[in-house]
Amino acid sequence: QVQVVESGGGLVQAGDSLRLSCVATKIGASVDSINTMRWHPQTPGKQRALVAEISSSGHTNYADSVKDRFTISRDNAKNTVHQQMNSLKPEDTAGYYCSVHFSYNPRGSRVDWGRGTEVTVAS
C-alpha cells in the first residue's frame, strides 16, 4: 500500500493560481514502484473526473478543460506529483484527489487515493 496525501488547495479568485502537491509514501516492503499519478476533481454528488496524468517516465495528458492552464509534474525521488493551476475559473472548483498507481511484489498493480484537497475559485 501507499499513503497518499494532497495539499495546496485554498480559496482564490478567478484568474489566480494554485499549486497542488501529492506525496505518496510506501507502506510495506512489497511496494515495488510508483507508476502513473493522476489528478481527479470531484464535486458533491458526482463521480471523480480526470484532468491530468503523468507516467513514471514523465509523459503527460490533460483534459481539454484544463489544457494550457494546468501543468502536472513529478519528482520520482520524492514520489511526489504537483499540479500548477493557472488562470483558475469558477468551474474548476472541486475537491482534488490524487490517485497513485503502483506495482508490488509478487507481480501485481493497484491504485491508492488520497483524501483530497479543496479548491474553491470565486468569481
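Q: Which residues have the most contacts inside the largest nonpolar core?
A: A nonpolar core is a set of buried Ala, Val, Leu, Ile, Met, Phe, Trp, Tyr and Cys residues joined through side-chain atoms within 4.5 Å, where buried means under 20% relative accessible area, exposed means over 50%, and partly exposed lies in between (1.4 Å probe, protein chains only). In this structure the largest such core has 27 residues, and those with the most contacts inside it are C22, M37, W39, V81, Y96, C98 and V100. The model is a predicted one, in which local features need pLDDT of at least 70 and side-chain atom pairs count only at pLDDT 80 or more, while totals for chains, interfaces and linings use all residues. Residues are numbered from 1 along each chain as its sequence is written, and side-chain values use heavy atoms, with hydrogens and water left out.

Q: Which residues does C22 touch?
A: Contact means heavy atoms within 4.5 Å. Not counting residues up to four places away in sequence, C22 touches V4, V5, E6, M37, W39, N79, T80, V81, C98 and V100.

Q: How many residues of β9 are buried?
A: Strands (E, at least two residues) and helices (H or I, at least four) are DSSP runs, numbered from the N terminus. For β9, nine of its eleven residues are buried, and the strand is therefore described as mostly covered.

Q: Which strands does β9 run antiparallel to?
A: Two strands pair if DSSP finds at least two bridges between them. Nine bridges join β9 to β4 in the antiparallel sense, and R38 stands opposite S99 in β9. Six bridges join β9 to β10 (residues 108-113), again antiparallel, with S99 opposite W113 in β10, and these two strands form a hairpin with three residues between them. β9 also pairs with β11 over three antiparallel bridges, where Y96 stands opposite T117.

Q: In what order do the four strands of the open sheet stand?
A: The order is β1-β3-β8-β7, and the pairing is antiparallel. The edge strands are β1 and β7, each of which pairs on one side only. Between β1 and β3 there are six bridges, and Q3 stands opposite T25 in β3.

Q: Where is G28 found, and is G28 buried, partly exposed or exposed?
A: G28 is found in the loop between β3 and β4, and with a relative accessible area of 49% G28 is partly exposed. Although G28 and Q1 are 27 residues apart in sequence, their C-alpha atoms are 6.7 Å apart in space.
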